[in-house]
Amino acid sequence: MTRAGLIATKVGNSSFYDDKGTSSHITLLRVDECVVANIKTLEKDGYNAVQLTSIDTGKDISSIRKPQRKIFSSIKINPKKIIKEFKVDKDNLLDVGTKLNVDHFKVDQFIDATSFSIGKGFAGVMKRHNFGGLRASHGVSISHRSHGSTGQNQDPGRVFKGKKMAGRMGNKRVTKQNLRIIEIDIDNKLLVVKGSVPGKRNSIIYLKDSVKKS
């Protein structure tokens, strides 16, 4: 059964010690109140989904554009920064105005986390694709960290798409699967997740139930 997820903010990384004294690398995620702003139904829109909105902008509702103003005024809340749609089953459609918090998930549950990875800027092939580089001896001139030849002969006479070359590294949409929730702090709105989560500090993270693990 597919249900709605949560919108979280990455706080940072730390270590977690269990009752046996075993240390685990964990990521702290803060979940501000997620409110159902709209629903999509199979009969009207062709699919079932729930639109969640979260993270206050600190702005007055009169300062935002009219299309967005209608969303927040209909459910009588302050403008939010993020609106995210989660596809769900028909039985898991929620009423507009429903609020979801960290207790939406449970301890020892597996989740999937989606965000944009940390951008590294323009990088060469040795850093981007772990190339070994050319020989560092005489005769290689000043091209030790180059990728070598990229093309072929006159036929086909071009560089194939997807060729590993220098270019922008990182800043891609990444989903980390099968992350286990170690602890839930309801008072501080925190999720303690074992392992690493894509993105840098204060990145927006989209959480949902694990696809591969129940």
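This is a predicted model: local features need pLDDT of at least 70, side-chain atom pairs count only at pLDDT 80 or more; totals for chains, interfaces and linings use all residues.
Residues are numbered from 1 along each chain as its sequence is written, and side-chain values rest on heavy atoms, with hydrogens and water left out.

The chain contains 3 helices and 12 strands, taken as DSSP runs numbered from the N terminus (helices H or I, at least four residues; strands E, at least two). The radius of gyration, calculated over C-alpha atoms, is 23 Å for the chain, well over the 17 Å that the globule rule gives for 214 residues, so the chain is more spread out than a compact globule. The globule rule is 2.2 Å times the number of residues to the power 0.38. Along the principal axes, the C-alpha atoms fill a box of roughly 70 × 50 × 35 Å.

Of the 214 residues, 34% count as buried; buried denotes a relative accessible area under 20%, exposed one over 50%, and partly exposed a value in between (1.4 Å probe, protein chains only). The chain exposes about 13900 Å², of which carbon and sulfur atoms supply 48%; the areas come from the Shrake-Rupley method with a 1.4 Å probe, and for residues only the protein chains shown count as cover.

A nonpolar core is a set of buried Ala, Val, Leu, Ile, Met, Phe, Trp, Tyr and Cys residues joined through side-chain atoms within 4.5 Å. The largest such core holds 29 residues, and Leu29, Leu52, Leu191 and Leu207 touch the most other members. At least two residues of this core come from each of β1 (6–17), β3 (34–40), β4 (49–56), β5 (80–87), β7 (110–116), β10 (173–185), β11 (190–194) and β12 (204–209). The greatest contribution is that of β12, with 4 residues. Another core, of 6 residues, lies apart from the largest one and includes Ala37, Ile64, Ile75 and Ile77. In soluble globular proteins, nonpolar side chains tend to be buried together.

Residues up to four places away in sequence are left out of the contacts of Leu191, which touches Thr27, Leu28, Leu29, Val31, Val102, Phe105, Ile181, Glu183, Ile184 and Leu207. Val193 is placed in strand β11 and is buried, with a relative accessible area of 0%. Beyond its neighbours within four places, Val193 is in contact with His25, Ile26, Thr27, Leu29, Ile111, Leu179 and Arg180. The C-alpha atoms of Val193 and Glu183, 10 residues apart in sequence, are 7.3 Å apart.

Val197 is found in the loop between β11 and β12, yet is buried, with a relative accessible area of 5%. Its contacts, neighbours within four places aside, are with Lys10, Thr27, Leu29, Ala113, Leu179 and Ile205. Val36, in strand β3, is buried with a relative accessible area of 0%. With neighbours within four places again set aside, Val36 is in contact with Val50, Gln51, Leu52, Ile75, Leu94, Asp95, Val96, Gly97 and Thr98. Val36 and Leu94 are 58 residues apart along the chain, with 7.3 Å between their C-alpha atoms.

Backbone geometry was also examined. The peptide bond from Asp155 to Pro156 is cis, with omega near 5 degrees, and Pro156 lies in the loop between α3 (125–128) and β9 (167–169). The loop between α3 and β9 also holds Asn130, which has a positive phi of about 65 degrees although it is not a glycine. Asn130 is exposed, with a relative accessible area of 67%. Asn171, another non-glycine residue with a positive phi, has a value of about 55 degrees. Asn171 is found in the loop between β9 and β10 and is partly exposed, at 36% relative accessible area.

Technical notes: Contact means heavy atoms within 4.5 Å.
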